[in-house]
Amino acid sequence: MKTNKGRLMLYLILSFGLTWLWFLLMLPKGETWDEMPANMQSFVALGMLFPFIAHVLTRWLTKEGFAMTGEGSMLLGISFRDKKWIYFLVAMLLPWFYTELGNVFTLLLNPECFDPKYYLSLDLDKRLLPLLPANAIITGTIVSFAAFGEEAGWRGYMMPKLLSLMPRWAALLVGGVIWGLWHAPLTCIGHNFGTEYPGYPWLGILLMCFICILLGVILTWITEMSGSVWPAAIIHGVNNAGASILGGYLNPEKERMIWGVSCGWLGMLIGQAIVVFVVIFIWRKRKSELQIKTQPF
């Protein structure tokens, strides 16, 4: 297991094996995610820590060492030098941007889902709607240690290994599919999309892979630019917190389906895809300036 390929295979075996074993032990039979008590959901969510645990175990078993910063490291260090603080700021704001952009496309695809009084069902005062992004950014950043469990594994170990084995575009596609498939047990119990949709659960697994490819490009980019997994963990945390103002006016019960996918999800995917194209453009332009290893997209 001295080669990057061997180390990557060991990491994936450990990450999938430990996580899926945990899900198997924790998931009650016959219950969907929404049917579980909150405390059981919290226990299941602890499985998100296993990608990082697998990272540590792989380094220990293969004797790679535990450097915090630099090439081949765990990418756990934090540095604000050379304007790297900008990436931490971007990490806090970017999920809000692509979420609101996705909401705009949801409205374009499905104007009927606009409900000026939907926020009332959220038990929320209209005056507080503009504060929702700030709340999501703050809470998402604070609780990014939860998302850290995934990012310290996928971005901290899997992606550097994939990038050393194949062209960048291929690594981003493969990495996104792997990440999406890792979520399969949760997708099957309705964690992200529920269970009442055409093509359940296979369409949900496929959609999760596509989402992970898009988000994986953004997370890999910001990890590489900052030299740290923490901005990726922040993006992941704020993304999960759902930073949005316009979302308070979009009633999901009025969403229609296109090709078996709700307009809400399609809008979100379009918003993220636009951001991904911008990120790739910036990435390609900045690679030579920052002397990042050149790989074709």
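Is Cys113 buried or exposed? In this predicted model, Cys113 is buried, its relative accessible area being 0%. Cys263 likewise counts as buried, at 0% relative accessibility. The cysteine sulfur nearest to that of Cys113 belongs to Cys263 and lies 7.3 Å away, and Cys113 takes part in no disulfide. Because a disulfide requires sulfur atoms within 2.5 Å, the 7.3 Å between the sulfur of Cys263 and its closest counterpart, in Cys113, is too far for a bond. The number of disulfides found is zero.

The largest nonpolar core comprises 63 residues, and the most contacts inside it are made by Leu12, Trp154, Met158, Ile218 and Ile235. Two or more residues each are supplied to this core by helices H1 (4-26), H4 (85-109), H5 (132-142), H6 (144-165), H7 (168-182), H9 (202-226), H10 (230-241) and H11 (263-290). The greatest contribution is that of H9, with 12 residues.

Around Trp154, when neighbours within four places in sequence are set aside, the contacts are Tyr11, Leu12, Ser15, Phe16, Pro51, Met159, Pro160, Ile178, Trp179 and Trp182. Leu12, one of these partners, is also listed with Trp154 among the core residues with the most contacts.

Conventions:
Residues numbered from 1 in each chain as written. Predicted model: local features only at pLDDT ≥ 70, side-chain atom pairs only at ≥ 80, totals over all residues. Heavy atoms only, no water. Core = buried A, V, L, I, M, F, W, Y, C linked by side-chain atoms within 4.5 Å. Buried < 20%, exposed > 50% of the residue type's maximum accessible area, 1.4 Å probe, protein only. Helix = DSSP H or I, 4+ residues; strand = E, 2+ residues; numbered from the N terminus. Contact = heavy atoms within 4.5 Å.
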